[in-house]
Amino acid sequence: MSQSTTEKPEVATEPVAAKKKVVLSEGKRAERKLGWWLCAPAAITMVAVTGWPIIYSIWLSLQRYDLKFPDRTEFIGFDNYVTVLASPYWWNAVWVTAVLTVISVAIELVLGMGLALIMHRALVGRGLVRTTSLIPYGIVTIVAGFSWRFAWTPGTGYLAELAGGEPVLTEKLPALMVVILAEVWKTTPFMALLLMAGLALVPDDLLKAAAMDGAGPWQRFVKVTLPIMKPAILVALLFRTLDAFRIFDNLFVLTAGSQGTSSVSMLTYNNLIKGLNLGIGSTMSVLIFLMVAAIAFIFIKLFGTAAPGSDDGGKR
Amino acid sequence: MRGAKRRRRLAAAMGAALVAVPVLAACGSGDGGITVNVYKYNQENFQAIVDGCNAKANGKYKIVYNKLPREADGQREQMVRRLAAEDDSMDVLALDVTWTAELAKAGWIKEFTGSVKSQVENGTIQTPLDTASYEGKLYGAPDNTNVQLLWYRGDLVPTPPKTWDEMIQMAEDLVAQGKPGLIAAQGKQYEGLVVLFNTLVNSNGGTILDENGTKAIVDDKAVEALEALKKLATSKAIDPSFSNSTEDPARLLMESGKAAFQLNWPYVYAAAQKKPDFAANFKWAPYPTVSGDKSKVTVGGINYAVSNYTLHPDESFEAVLCLRGAESQKLAAIKDGVPPTLKEVYDDPEMATAYPMKDAILETLENASVRPRTPAYQNVSTVISTILSPPGSIDPKATGDRLRTELQNALDSKGVLP
């Protein structure tokens, strides 16, 4: 590691020097052109690996396409969308996903903020506190999911014994609560980490000045810290909401979608991979894509200029 | 700068190694000859069977055993995904009996014809053979079969019950006397619940799907079966975690001494031998039915199929014939406890000690029922287990109606899978 850090500047100086020469001799246009050229490989790769699959799944979603019945394949327009949007299973999954997302992200935000404040203010053992609180995030979700499942299984698990030996994972609401618990446990550290970066932006002088003016701790937090942290909170919320909305692995291990606990991703997987119904499955993927896009759009609108990417810092 | 160069060279070498390793591994297994890749779930003594067949092939081809995951869903998913991509590195596939129609209809497995077909049919019990057929053609060679029996405690139950109501009554009486009288069975939302339901419907003379597997029937007799299932699930004598129980929890409940009855596959007998005190009173009887007639128990098991994309079809068919031959089946039955599909293996004297319940199995097999044969079986099964779950809240008439509509949608690949 140390070797690479010492060498990096050495390697980097050459292209920078070359770039400057270009600017000097041919001006801004040439620089723009070079920029395009440098971006091109990345842009083409992006289009190839994300653009094409999206277009292909939209195309699939307009067809009756079931691998089990290859001779019944035909173009059917929006019939798949009608089928999916009229299905109670789909709406149940949408509700389950929405509830999981809203509740788990809300709890994570509160707990993550608390954890971030603790980590930020820790005087002794700062490194230790930060490392230990990150452990849940470092564990592979599937592995963590299995330990939760065994812990909640009557006969083998200690949590099930504490809960009175009831098989909680076999009923809808208790099972969803267990899933939320597993999600919160897992991703609160991530939230805390993002929020801590935001906390570092709050200047100490400002807080001291507020204290001088007679603001109590709560007022300082709400009136000074939170507004300055707004962009960081937005990023954390956006990341976690999108992440939580696509919840799959924890659910897959904990309930496998039984008793009506399927999320939209789970339902899509069941139709696409288990049911081999490419038409219906792709329709669901497209719908999830639209919902995720809508969430991102709402966030950007809601937070206005505080949204990531809305500042023009990078442009000249 | 020099350091960077060295690192780059190292990276290149590692990249080359990454590319080369699988290639080398592929070469190593072939020995220059023909390799027949068999994909089968993790069966403990299957490698011995493969070795035996390789010795018999005498260098003509070499069978390589590729282990699939333990759970049926995982096995199906892996095979189906690779078949959909027309993968030519899979030759012989060990399929659950319920997948035949689906893979045949999709055009992913080869039909058995000519002398191979007659060799497979020769001496094979009819019901397992039916599971390997679809639309009058043979697509698989039965390897092992399976039927559930009623297992009971000989010290608590002097004569085994013949009907469903008798069994529930006996169990409830035992529970009322403070004796261990629970009934253990599979009630979780999964294939096991479908097996239970299919057995009840068929034994009662009912129908779930029509003969061609294109129309959902769910007649009155099937509704009676729903009533019987509800009665079991709401009985005082049912295992409290029935609605989340699979095969193994059911076995463990009975072994722990809490249950007097268990509906389960014959593997529980081999497992029970580890506890001699328990095994001494561990008895079996044919599956009870609603009407008291002969039961028509759902048949399980494994069939070998040959992938449509194999590069060595002739060798693959030959390998299948050996892998499911009498010798292989006997080894699998004695060592791994799976019931054979060839009649002659049951008559083997060595089977009497390893398989004391072989007569009960054979008798049940002759009357066994096949699960609905349709390419959409996975959808049918998912719909049934979802609608019947939890079994305690079945409302026979309404549940029957719902089954009929949603099964029809599933067959037409119209509806959304839950």
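Tutor: Let us begin with one pair of residues: B:Tyr39 stands opposite B:Leu93 in strand 3 of chain B. Strands (E, at least two residues) and helices (H or I, at least four) are DSSP runs, numbered from the N terminus. This is a predicted model, in which local features need pLDDT of at least 70 and side-chain atom pairs count only at pLDDT 80 or more, while totals for chains, interfaces and linings use all residues. Residues are numbered from 1 along each chain as its sequence is written, and chains are lettered from A and ligands numbered from 1 in the order in which they are written.

Student: In which sense do strand 1 and strand 3 of chain B pair?
Tutor: Strand 1 (residues 34–41) and strand 3 (residues 92–96) of chain B pair in the parallel sense, over two bridges. Two strands count as paired if DSSP finds at least two bridges between them. Strand 3 of chain B also holds B:Val92, the bridge partner of B:Val38.

Student: How many bridges does strand 3 form with strand 11 of chain B?
Tutor: Five bridges, and strand 3 and strand 11 (residues 299–306) of chain B run in the antiparallel sense. Within strand 11 of chain B, B:Ile302 is the residue opposite B:Asp96.

Student: Why is strand 3 of chain B largely enclosed?
Tutor: Four of its five residues are buried, so strand 3 of chain B is largely enclosed by the rest of the structure. A residue is buried if 20 or more other C-beta atoms, placed from the backbone, lie within 10 Å of its own, exposed if 12 or fewer, and partly exposed in between.

Student: What is the strand order in the five-stranded sheet of chain B?
Tutor: The order is 2-1-3-11-6, in an open sheet with mixed pairing. Strand 2 (61–68) and strand 6 (141–147) of chain B are the edge strands, each pairing on one side only.

Student: What about the sheet of four strands in chain B?
Tutor: That sheet is open as well, with the order 8-9-7-10 and mixed pairing. Strand 8 (182–184) and strand 10 (282–285) of chain B each have a single partner strand, so one side of each is left without a neighbour in the sheet. Strand 7 (residues 149–153) and strand 9 (residues 259–264) of chain B run antiparallel and are joined by four bridges. In strand 9 of chain B, B:Asn264 is the bridge partner of B:Leu149.

Student: Changing topic, how many residues of chain A are in contact with chain B?
Tutor: There are 27 residues of chain A in contact with 24 residues of chain B. Contact requires the C-beta atoms of two residues, placed from the backbone, to lie within 7 Å.

Student: Which helix of chain A gives the most to that side?
Tutor: Helix 11 of chain A does, with four residues. The residues on the side of chain A that touches chain B comprise twelve nonpolar, eleven polar and four charged. Here Ala, Val, Leu, Ile, Met, Phe, Trp, Tyr, Cys and Pro count as nonpolar, Asp, Glu, Lys and Arg as charged, and the others, Gly among them, as polar.
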